[in-house]
Amino acid sequence: MSPVFHRENSYSFKIFSNEEMRMHIHVLRDDMEAKYWLEPQVELAENSGFKEHELRKIQKYVEKYAAKFKEQYRQHIGKRIDD
């Protein structure tokens, strides 16, 4: 089980260990999940259940905390994408 790296309102932001090395963050609420790329820029990768207006709100949170998420990603995964 992956730890929660950040909470904002009702959203949980997680990084899963056994996935691809491209930096990304998962955002969960209830039974919905979205995945955002952190590099080269913040961009929606996948969505399961969130409506468009909510995705726009979530993307603003991801953009706001992108530097923090990248550092947490490096620490959690243990290496950088370009290593």
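Which strands does helix α2 (residues 66-77) lie across? Helix α2 lies across β1, β2 and β3, and runs at about 160 degrees to β1. This is a predicted model, in which local features need pLDDT of at least 70, side-chain atom pairs count only at pLDDT 80 or more, and totals for chains, interfaces and linings use all residues. Residues are numbered from 1 along each chain as its sequence is written, and side-chain values use heavy atoms, with hydrogens and water left out.

**View 1. The sheet is open and has five strands.** The strand order is β1-β2-β3-β4-β5, with antiparallel pairing. β1 (4-8) and β5 (43-48) are at the edges with a single partner strand each, so one side of each has no neighbour in the sheet. From one strand to the next the twist averages 20 degrees. Strands (E, at least two residues) and helices (H or I, at least four) are DSSP runs numbered from the N terminus. Two strands pair if DSSP finds at least two bridges between them.

**View 2. β3 pairs with strand β4 (residues 32-37).** Six bridges join β3 and β4 in the antiparallel sense. Among the residues involved, Leu-28 has Glu-33 in β4 as its bridge partner.

**View 3. Helix α1 lies across β1, β2 (11-14), β3, β4 and β5.** Its direction is at about 50 degrees to β2. Axes are lines fitted to C-alpha atoms, for helices over the stretch in contact, and angles run from 0 to 180 degrees between N-to-C directions. Glu-52 belongs to α1 (residues 52-64) and is exposed at 55% relative accessibility.

**View 4. His-24 is buried in the model.** This residue of strand β3 (residues 24-29) has a relative accessible area of 0%. Buried means under 20% relative accessible area, exposed over 50%, and partly exposed in between (1.4 Å probe, protein chains only). The side chain of His-24 reaches the backbone oxygen of Arg-22 at 2.7 Å. Beyond neighbours within four places in sequence, the contacts of His-24 include Trp-37, Leu-38 and Tyr-73; contact means heavy atoms within 4.5 Å.

**View 5. Asn-9 and Asp-30 have positive phi values.** Most residues other than glycine have a negative phi, and most peptide bonds are trans. Asn-9, in the loop between β1 and β2, has a phi of about 55 degrees and is exposed at 64%. Asp-30, in the loop between β3 and β4, has a phi near 50 degrees and is exposed at 66%.

**View 6. A cis peptide bond joins Glu-39 and Pro-40.** Omega is about 0 degrees, and Pro-40 is in the loop between β4 and β5.

Key:
A polar contact is a pair of N or O atoms within 3.5 Å; within protein, one must be able to donate a hydrogen and the other to accept it, and residues adjacent in sequence count only if both atoms are side-chain atoms.
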